[in-house]
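The notes are grouped by topic and can be followed alongside the coordinates.

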Amino acid sequence: MGRSYDVIVAGSGVAGLSAALTAAEAGANVALLERAPREERGGNTRYTESFWRMQSKNEVSEDFADALAGNAAGWHDPEITKDWIRTPEDWPAILRASPGLDPELIGAWADGAPDALAWLESHGLSFDFLPNYFITESTTRMSPVGGGRAIVEALATKAEAMADRIDYRFETTAESLLRRRDGGIEGLIVKPIGGEREALRAPNVVLATGGFQGNAEMMTRYIGPAAQWTRPIARGGYYNRGEGVVMGLSAGAAPGGDFGSFHAQPVDPRSGEAEPVVLIYTYGVLLNREGRRFTDEAPATVDATYETTARDILQQSQGLAWCILDGAVEDIPNWQKAIRTDQPAFEADTLDGLLAQLDIDAGQAAETIATFNNACPVDGRFDPLRPDGLATSGVSPRRSHWARPLTQGPFRAWPIIAATCFTFGGLKIDASARVLDHDGQPIPGLYAAGETSGVYFRTYTGSTSVMRGAVFGRAAGAHAAHRNS
Ligand SMILES: Cc1cc2nc3c(=O)[nH]c(=O)nc-3n(C[C@H](O)[C@H](O)[C@H](O)COP(=O)(O)OP(=O)(O)OC[C@H]3O[C@@H](n4cnc5c(N)ncnc54)[C@H](O)[C@@H]3O)c2cc1C
């Protein structure tokens, strides 16, 4: 008979820490399990600047609900979603168990964000409008001073200070759920690294182990063979090996979110920094290794389009593209802020001199750039700070904004791959973060929060994932603390 708790929380990123502390603050005895060593606790959360899609501390951004609803499924079936007008308790099972993001969850997310932010501030964090790496933007964002690392350290320190209520274990991996005969949760088997398995008992388990971006087999199984060319965007993602998602699915959870996709970001593969993004390509061209353009580099503001571009890069040979710019980049104020790699650009006075340094078909690349240059408009005002409509004509793919011929030195180039920030596929949850089964019923005592839950499709609605972890982690902790059998 293993040790008993009221709530077991697997994972201590923002979702797990929010769940564990909220449950403990409500009086529950909690086990909190973290696979990483103490100094690396916090998963992805540790490495993010943690932007929140908010217009003030009290309100989410104006476009919050519309943006999430616009990316809530591949194509909704109106025959199924017509029942959304009924109260959620009256939704039929096939709607409750559908993988799409539903209006109840969007509402709970929006309503819970100001409370979650205030709760974090009560734990010593301070939110403000801080600088980011986008030259053009489509929404409003706030973030905590010190980023995700400050969230992790504040909450983890508090969890350690509550040792009478929270048994916080590092280098301990959550492996499998213990179930009762009636399907309810009985506990969790854990495995300390190098130690022996142990059965922890509790009627409630919160799965908050992140996504499966650190698991090459799952990445290939769900994303496809191109997964070999992507990698986690920061060290924290390597710890997220998908056990939470697998445990939930094995327990009968309905899948949520798009299992075939992930939040992609364009980064310099040479860099080992966290999030070494290169987001300046909207003013130059992107060429694959064959020397050809393959996408509209600038369909709209960079913050709203970089993910699609990164996914297009993943589909090129070796999942790689070259961003090429000319000396006119100096017309863009503070252009360096869009480049986070610690590796220098390839540079030359002439285009031929630059192309000769790259792993690219240089002859084809020169021809592609000449064709692009001829397709750029001769009139029109270049405005780097907003989509300016300077579009190409007569070239495919078309370029929608900031199209200017690349003619003056110095010419610069950066390699770009698509890094995986986090995976989209996870467990279907309700507004209390209860995991739902294939009949849309809560699996008694099972909760999921953060990346382990599945909500995203198409394009990630930027700056919502840390909020999601905090909001639904808190919801899970609060619900589980008051549920005792
Ligand atoms: C560089 C970077 C920048 C980002 N920028 C933003 C941003 O600005 N805004 C935004 O909203 N989002 C951003 N994101 C995404 C966001 O940070 C994450 O999606 C979010 O923090 C995930 O929180 P989580 O608690 O679900 O997972 P994580 O923070 O990844 O935590 C999961 C934890 O579970 C542990 N774990 C895994 N498996 C097990 C197991 N079997 N047993 C025990 N423990 C386990 C891991 O070690 C980890 O500590 C960014 C991410 C990165 C990496």
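The model is a predicted one. Its protein chain is divided into domain 1, made of 7-261 together with 424-481, and domain 2, which covers 264-419.

**Domains and their contact**

- The C-alpha centres of domain 1 and domain 2 are separated by 34 Å, and the contact between the two takes 18 residues from domain 1 and 28 residues from domain 2.
- On the side of domain 1 that touches domain 2, the residues fall into 10 nonpolar, five polar and three charged.

**The sheet β8-β9-β10**

- Three strands form an open sheet in the order β8-β9-β10, and their pairing is antiparallel.
- The edges of this sheet are β8 (172-179) and β10 (198-201), each of which pairs on one side only, while the twist from one strand to the next averages 30°.
- Strand β9, residues 185-192, is joined to β10 by four bridges, the two strands running antiparallel; in β10, A199 is the bridge partner of I189.

**Helix α1**

- Helix α1 comprises the 12 residues 14-25, which at 1.5 Å a residue should span 16 Å, and the 16 Å between its end C-alpha atoms agrees with that expectation.
- This helix is mostly covered, since 11 of its 12 residues are buried; the buried positions are V14, A15, G16, L17, S18, A19, A20, L21, T22, A23 and A24.
- The buried residues of α1 pack against the strands β1 (7-10), β2 (30-33), β7 (166-169) and β11 (204-207), and also against the helices α6 (147-161) and α12 (465-481).
- After α1 comes G27, which has a positive phi near 105°.

**Helix α8**

- In helix α8, which takes in residues 243-250, the buried residues are E243, G244, V245, M247 and G248.
- The cover over these buried residues of α8 includes β1, β8 and β11, along with β18 (426-427), β19 (434-436) and β20 (442-448).
- α8 is followed by G252, whose phi is positive and near 100°.

**Helix α9**

- The buried residues of α9 are V302, D303, A304, T305, Y306, E307, T309, A310, D312, I313 and L314, and they pack against β13 (262-267), β15 (320-325) and β17 (411-423).

**Residue F129**

- F129 is found in the loop that lies between β5 (127-128) and β6 (143-144).
- F129 is classed as partly exposed because 13 other C-beta atoms lie within 10 Å, whereas a residue needs 20 or more such atoms to count as buried and 12 or fewer to count as exposed.
- From C-alpha to C-alpha, F129 and V7 are 35 Å apart in space, and the two are 122 residues apart in sequence.

Definitions and conventions:
Residues are numbered from 1 along each chain as its sequence is written. This is a predicted model: local features need pLDDT of at least 70, side-chain atom pairs count only at pLDDT 80 or more; totals for chains, interfaces and linings use all residues. Two strands pair if DSSP finds at least two bridges between them. Axes are lines fitted to C-alpha atoms, for helices over the stretch in contact, and angles run from 0 to 180 degrees between N-to-C directions. Two residues are in contact if their C-beta atoms, placed from the backbone, lie within 7 Å. Domain bounds come from an automatic or database domain assignment. Ala, Val, Leu, Ile, Met, Phe, Trp, Tyr, Cys and Pro count as nonpolar, Asp, Glu, Lys and Arg as charged, and the others, Gly among them, as polar. The expected span of a helix is 1.5 Å times one less than its number of residues.
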